[in-house]
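Q: Please take a close look at one part of this model, starting from a single residue and its contacts. Then set that part in the rest of the chain.

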Amino acid sequence: MLFVMDAERAEQYRGVPYLAPVIEQVKQMDRYAEAEIAAAIINSFFAAFITRKEGAKNEIPFTNPIPESEQLKLSPEERLSSYELGPGTINMLAEGEEVTFGDPTHPNAGFDSFTKIMAQLAGAALDMPYEVLLSVFNSSYSASRAALLQAWRSFRDRRDWFSHDFCQPLRDMVV
């Protein structure tokens, strides 16, 4: 059996996974992205809140939609006590009621810069430029080329280590 690992200290019996330094960070970034997506979806819903002053009737103002054929048969009092949301709908509010609309604060404006910084930290821990890690080459040609060359240096070192610790012993056993 040939066990290949990158030993960090003498007599180390178990290897350390390549992503071990950043696995928790990647998980937290995933949770943050999921939370932002969920918040954006919730904030995309149109929310209206009817507030009542003390002494006003305490009933749920929004009920099931009233079919169009039934809307014309409603008395003025029934029309005042039922509200609908829809395109071009105008509702008269009872005395003591006012309407306010939700003011969403998501998606977070700092999401892009935060994830970029987290990717830079993960790339630094893995010895890989974040441009290569995310496959985002928005800089100049020379900056993108420098990032690729730096990544290639890291890949070459890892390849040399693997060939020395795995391929060479395997070759020596066969030959």
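A: Serine 154 is in contact (heavy atoms within 4.5 Å) with Leu126 and Asp127, once its neighbours within four places in sequence are left aside. The model is a predicted one, in which local features need pLDDT of at least 70 and side-chain atom pairs count only at pLDDT 80 or more, while totals for chains, interfaces and linings use all residues. Residues are numbered from 1 along each chain as its sequence is written, and side-chain values use heavy atoms, with hydrogens and water left out.

Serine 154 belongs to helix α6; helices (H or I, at least four residues) and strands (E, at least two) are DSSP runs, numbered from the N terminus. Serine 154 counts as buried because its relative accessibility is 10%; buried means under 20% relative accessible area, exposed over 50%, and partly exposed in between, with a 1.4 Å probe and protein chains only. Ser144, Ala147 and Ala151 are also buried in α6, along with Ser154. The cover over the buried residues of α6 includes α4 and α5.

Helix α6 has 34 residues, which should span 50 Å at 1.5 Å a residue, and its end C-alpha atoms are 46 Å apart, which agrees. The expected span here is 1.5 Å times one less than the number of residues. The helix also has a kink of about 35 degrees, centred on serine 163. The bend at a residue is the angle between axes fitted to the seven residues ending there and the seven starting there.

One of the two contacts of serine 154 is Asp127, and aspartate 127 lies in the loop between α4 and α5 (130-134). Serine 135 sits in the loop between α5 and α6 (141-174). With a relative accessible area of 58%, serine 135 is exposed.

Helix α1 covers residues 23-44, which makes 22 residues, and it reaches 32 Å from its first C-alpha to its last, close to the 32 Å expected at 1.5 Å a residue. Gln25, Glu36 and Ala39 are the buried residues of α1. Seen down the axis of α1, these buried residues fall within an arc of 65 degrees, so they line one face of the helix; the arc is that of the directions from the helix axis to the C-beta atoms. On the face turned away from this buried side, α1 carries the exposed residues Ile23, Ile37, Ile42 and Ser44.

Rings of Phe, Tyr and Trp (its six-membered ring) pair if their centres lie within 6.5 Å; planes under 30 degrees apart count as stacked, over 60 as edge-to-face and the rest as tilted. The count comes to four aromatic pairs by this rule. Tyrosine 32 and phenylalanine 114 form an edge-to-face pair, with 5.0 Å centre to centre and 75 degrees between the planes. This pair links distant parts of the chain, as tyrosine 32 is in helix α1 and phenylalanine 114 in helix α4, 82 residues apart. Tyrosine 32 counts as partly exposed because its relative accessibility is 21%, and phenylalanine 114, at 37%, is also partly exposed. Another pair, tryptophan 161 with phenylalanine 162, is tilted, at 6.3 Å centre to centre and 50 degrees between the planes. Tryptophan 161 has a relative accessible area of 22% and is partly exposed, as is phenylalanine 162 at 36%. Ring pairs also join Tyr32, Phe111 and Phe114 into a cluster.

For the chain as a whole, there are six helices and two strands, and from the N terminus on the elements run α-β-α-α-β-α-α-α. Of the 175 residues in the protein chain, 16% are buried. Among contacts between residues at least 6 apart in sequence, 55% join residues at least 24 apart. The accessible surface of the chain comes to about 14,000 Å², with 59% of it belonging to carbon and sulfur atoms; accessible areas come from the Shrake-Rupley method with a 1.4 Å probe, and for residues only the protein chains shown count as cover.
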